[in-house]
Amino acid sequence: MRYRAKALRHELAEAAGIAEYLQRLGVKIGINVFIGLDRASPTDLHKPDFLHNIYLDLFKHMIEWVEGFLEKQKRQQAFDDAGKEIPPYPGFSIAKKAYREITQWQGKEMRDLGRCISAVLVSTLRNPHSSQYHDFKSPLKCISALVDFSLMAQYRSHTPDTLSYMESYLQTFHRTKDIFLKFCNSKATRTQADRQDWQLRELMANQRAKEVHHRTVANHRRRADQERGKRSDRRADLIRRENHFNFIKMYYLTHFASHVRRFGSISMYSTEIGELAHKDQIKDGYHRSNKNDAARQILSQYGGQHALEMRLQTIEGLSKVKGVIVAAESGMEMPAV
Amino acid sequence: MQEILRFTRQTAADDRWLPADPTELGLLPVEGFAQLEIPVADFQETDRFQIHRARCTGTKAFCNGGPRNDWVWVQTGGEAKYGDLRGRVVARLLALFKIRNILSEAEAVHRLAFVCILNLVNSGRLHIASGHIPLGRRVNRRDMRIVSIGAVIAQAQVIPSGERQWIVNHRIDLRTFNEIY
């Protein structure tokens with residue numbers, strides 16, 4: 001830490017000022033819309049979001065890690081079979097395909113996956129050999145901790161106890177996540193590994209071409225096996241070296257508890273509600289329009305629908321008030337005689 | 001019939017709704033149902049309820065598929081019982097029926113559920129390594145019971161884990177997650 005602070009001071013001294021230093025790091029400095037707003041802190045404007053932070057990002061990573069782990073343990077089929085045997089439950093949609101066959105995940109599917117993955121994984125990793133027992137324990141703990149954290153974060157009201165539970169689940173997750181490190185490949189790492197593999201293959205082919213003496217088929221096969229093993233080792237080394245969990249959404253989880261302490265429940269700020277409203281507010285209107293100048297028709301359709309709903313609510317409210325009779329056909333209210 | 005008799009015997013003498021005599025019991029009209037609507041209070045919302053529709057088609061097909069007999073939570077004891085399950089057990093609905101006691105003056109109607117209760121493997125405590133509660137099924141038929149539908153408190157989700165073994169998925173919703181830990 002001290003070393004990092006020293007390095008930072010050195011870098012700052014080298015740069016003409018803080019602006020240049022930040023520019024060198026790739027931070028764009030300019031005037032934005034929040035500058036002129038009183039009592040608005042741009043750092044507080046970003047809110048934790050279940051849909052994009054947990055369901056569509058962390059859970060997506062999680063399923064990739066789990067798939068990699070199951071592939072290594074040769075239990076993918078058991079996972080698919082356990083997934084197919086999930087019984088129905090209210091508000092829970094069962095995936096019609098096996099998990100490996102799903103190519104694109106929606107937020108709702110990811111949420112449902114989070115609700116059942118730990119139990120499905122326990123069922124998948126049942127009856128381990130004595131050598132596998134320790135290997136199976138960590139992933140279960142890690143996945144359960146992440147799911148528990150996400151569930152606890154969805155509480156509408158919190159106590160100091162629930163917040164401390166949230167923090168302890170997060171700590172457990174960070175403590176046990178290393179078991180998935182080898183399966184946490186970023187796209188850049190995969191590309192780099194493929195490039196390295198291709199270069200090695202070229203190099204080995206060139207070396208083979210330079211050797212003039214004849215080989216038997218058995219020798220040729222043995223050498224090919226050796227080369228394949230070498231390539232695979234190099235690839236594993238690179239992936240081990242390059243893999244990491246340092247991405248922004250993983251880091252952002254540490255702010256969830258403090259956010260609840262400062263601003264209240266996280267569910268209030270979730271974009272899930274806004275995205276769900278797209279269906280009523282935009283998509284339905286678009287389907288009912290003639291697709292020609294659709295924006296105007298969407299607005300008019302939703303405006304009309306909204307006004308009608310408000311009217312119905314008013315009638316319902318008035319019908320409960322004593323002394324007011326609601327005329328059945330017109331919807332007009334009149335005082336009781 | 002035996003289960004109904006047992007159910008009748010289990011109820012206290014004052015609350016005995018049904019006749020204890022098997023021949024009398026056999027005369028009572030019974031009507032079967034395929035769905036039980038269970039109102040379940042929303043988590044952290046006292047005035048809102050979710051309706052859990054537990055299906056029980058017996059051996060009949062459900063929606064052109066196989067038979068559907070849902071899993072439910074049955075409250076059978078106080079909170080101190082069954083470890084982390086807090087007095088509840090997981091059971092599979094086998095039949096839902098209404099029995100009218102025409103032999104009594106009041107002609108009282110009783111709504112009952114025939115269930116198969118899963119056995120607790122680890123006294124209902126969470127398995128430390130997996131963090132889930134394992135359940136099993138007895139080989140004998142002593143796990144079949146008749147309970148009042150009032151004892152069925154919510155739908156449950158259990159995931160098969162090998163031969164005659166299941167795991168309670170307590171992370172299925174916030175209410176269950178909050179109650180079982």
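Reader: Which residue forms a salt bridge with B:Arg171?

Author: First, the idea. A salt bridge is a side-chain nitrogen of Lys or Arg within 4 Å of a carboxyl oxygen of Asp or Glu. Here the partner of B:Arg171 is A:Asp148, and their closest N and O atoms are 2.5 Å apart. Some ground rules come next. This is a predicted model, where local features need pLDDT of at least 70, side-chain atom pairs count only at pLDDT 80 or more, and totals for chains, interfaces and linings use all residues. Residues are numbered from 1 along each chain as its sequence is written, chains are lettered from A in the order in which they are written, and side-chain values use heavy atoms, with hydrogens and water left out.

Reader: How many salt bridges are there between chain B and chain A?

Author: The count is 2. Over all chains, a search of the whole structure finds 25. One of the pairs within chain A is A:Arg261 with A:Glu167, with closest N and O atoms 3.3 Å apart. That pair links distant parts of the chain, 94 residues apart: A:Arg261 sits in helix α12 (residues 256–263) and A:Glu167 in helix α8 (residues 160–176). Helices (H or I, at least four residues) and strands (E, at least two) are DSSP runs, numbered from the N terminus.

Reader: How is the size of an interface given?

Author: Often as the accessible area lost when the parts come together. Buried area is taken with a 1.4 Å probe and summed over both parts. Between chain B and chain A it is about 2600 Å², and carbon and sulfur atoms give 58% of that. Contact (heavy atoms within 4.5 Å) joins 27 residues of chain B to 28 residues of chain A.

Reader: Which element gives the largest share of the side of chain B that touches chain A?

Author: α3(B), with 4 residues. That side of chain B divides into 11 nonpolar, 11 polar and 5 charged residues.

Reader: What shows where empty space is left?

Author: Rolling a probe the size of a water molecule over the atoms.

Terms used. Buried area = accessible area lost by both parts, 1.4 Å probe. Nonpolar A, V, L, I, M, F, W, Y, C, P; charged D, E, K, R; others polar.
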